[in-house]
Amino acid sequence: MRQCSKDFQWIFGIHTIHKYNGCMEKPFISEDRPPVPSNRPPVPVNFRTLDLNLLRVFDEVMAERNLTRAATHLAMTQPAVSNALRRLRDAMHDELVVRAGYGVQPTPRALELWPAVRAALDTLRSAMQTGEFDAAGSRDSFVLAMADATAALLMPPLVRRLEAEAPGLSLRVRPLLTRDPRALLSSGELDLAIGYFPAAVAAIDMASMQDGGPEPIEHGRLYDSNYVCVMRAGHPLATGPLDLDRYCAARHLLVSFSGRPFGFVDESLAAIGRRRRVVLTVNQFFTAGQVVASTDLLTVLPHRFVPTTGIAPRLVMRALPMDLPIVHVDQLWHRRSAARPAHAWLRRAVTDAAREAFEMPGGGAAPASAPA
């Protein structure tokens with residue numbers, strides 16, 4: 001069977017970009033092996049006889065949700081990974097993962113185990129790693145979450161950095177579906193979340209001040225963003241004054257990760273006793289740009305994002321007729337990863353990518369400094 005390789009995967013709804021020679025995996029659950037119910041009470045595990053190497057395989061499979069990619073990162077063959085999973089399933093008395101589409105889906109027991117397994121491996125890895133991070137020899141893999149507008153800005157310079165300094169390091173970029181990624185970071189589903197998280201950041205800072213100790217989630221500022229009203233070229237509101245009355249009377253498209261037709265623009269309008277009519281919500285900034293380019297809807301997009309859409313000549317940007325709060329874009333990570341050399345290198349690389357992106361022509365405000 002053909003071996004697959006994969007370095008980067010960007011997934012944003014229906015927009016999926018793969019950089020690998022796609023192939024399907026061999027099934028690893030035998031037809032004659034009846035599945036163990038995942039809702040049965042946990043059976044005690046004989047830790048004395050458990051092969052701890054199996055936990056590394058489990059962690060990589062849980063992170064990748066794909067046996068071929070896990071095998072590549074572990075420098076193992078796919079049959080060897082399948083065999084390791086079979087041994088661990090026997091020891092844990094649970095299937096742990098089952099096939100789903102082109103990958104695998106964890107059982108409830110696996111989801112319960114993974115945070116503790118990953119935390120233990122991270123602690124052991126940090127204790128054993130000394131000196132500088134060997135970027136050129138790294139085979140680490142990280143899962144990031146960010147909006148497509150943020151990825152369009154950061155990923156090109158970040159990938160160039162990886163290609164030049166850490167060609168063996170792999171990234172999986174997932175769509176950002178929440179304004180509070182702390183649970184995903186705590187569970188180990190994400191290594192890094194990048195975006196506008198005002199409530200989460202405020203809660204982290206408040207808890208740190210009240211408790212006086214380190215919070216499990218840490219954050220660092222990347223840059224400040226400003227938003228503009230975007231419409232198609234030739235729109236009736238593309239010329240002349242765009243006052244509050246004309247803006248509120250128009251039909252609007254809202255980029256909403258949750259699908260709720262109420263965002264921070266609506267919060268600002270409500271504060272001054274006004275409202276607008278949102279007739280469409282989408283969860284991607286790219287989709288919003290495409291829709292308004294061929295309709296009479298208005299939308300609000302990050303100013304720096306518009307040139308990356310590929311359709312900027314078809315769009316008109318206008319200043320919004322009301323004040324909006326400054327949008328602070330932060331990167332968030334779990335404290336257990338803070339001392340991990342590879343993770344610290346990645347955070348610095350993301351900070352440098354933000355700086356490089358804003359130094360390009362058309363860049364916005366200078367990025368803020370972010371701790372390593």
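Searching the whole structure turns up four cavities of 30 Å³ or more. A cavity here is a set of points on a 1 Å grid over the protein atoms alone, where a 1.4 Å probe fits but cannot get out. Volume is the space filled by probe spheres set on the points, with grid points joined across faces, edges and corners.

Before going on, this is a predicted model, in which local features need pLDDT of at least 70 and side-chain atom pairs count only at pLDDT 80 or more, while totals for chains, interfaces and linings use all residues. Residues are numbered from 1 along each chain as its sequence is written, and side-chain values use heavy atoms, with hydrogens and water left out.

The largest cavity holds about 180 Å³ of space. Its lining, meaning residues with an atom within 4 Å of a point, has 19 residues, and those nearest the centre are Thr150, Tyr223, Tyr227, Pro302 and Val329. Elements giving two or more residues to this lining are α5 (148-165), β8 (217-225) and β14 (327-334). Helices (H or I, at least four residues) and strands (E, at least two) are DSSP runs, numbered from the N terminus. The largest share, three residues, is from α5.

What classes of residue make up the lining of the largest cavity? There are 14 nonpolar, three polar and two charged. Nonpolar covers Ala, Val, Leu, Ile, Met, Phe, Trp, Tyr, Cys and Pro; charged covers Asp, Glu, Lys and Arg; the others, Gly among them, are polar.

Now the helices. α1 (residues 53-64) packs on α2 (residues 67-74) at about 130°, with the axes 8 Å apart. Axes are lines fitted to C-alpha atoms, for helices over the stretch in contact, and angles run from 0 to 180 degrees between N-to-C directions. So α1 is oblique to α2. On the scale used, angles under 35 degrees are roughly parallel, over 145 roughly antiparallel, 65 to 115 roughly perpendicular, and the rest oblique.

In this contact (heavy atoms within 4.5 Å), α1 supplies Arg56, Val57, Glu60, Val61 and Glu64, and α2 supplies Leu67, Arg69, Ala70, His73 and Leu74. That is five nonpolar, one polar and four charged residues.

α1 also packs on α3 (residues 78-92), at about 110° with the axes 9 Å apart. Therefore α1 is roughly perpendicular to α3. Leu54, Leu55, Val57, Phe58 and Val61 of α1 meet Val81, Ala84, Leu85, Arg87 and Leu88 of α3. By class, this contact has nine nonpolar, no polar and one charged.

Last, the axes of α2 and α3 come within 8 Å and cross at roughly 100°.

Technical notes. On a 1 Å grid over the protein atoms alone, a cavity is a set of points where a 1.4 Å probe fits but cannot get out, and a pocket is an open set with protein on both sides within 12 Å along at least five of seven lines; lining residues have an atom within 4 Å of a point.
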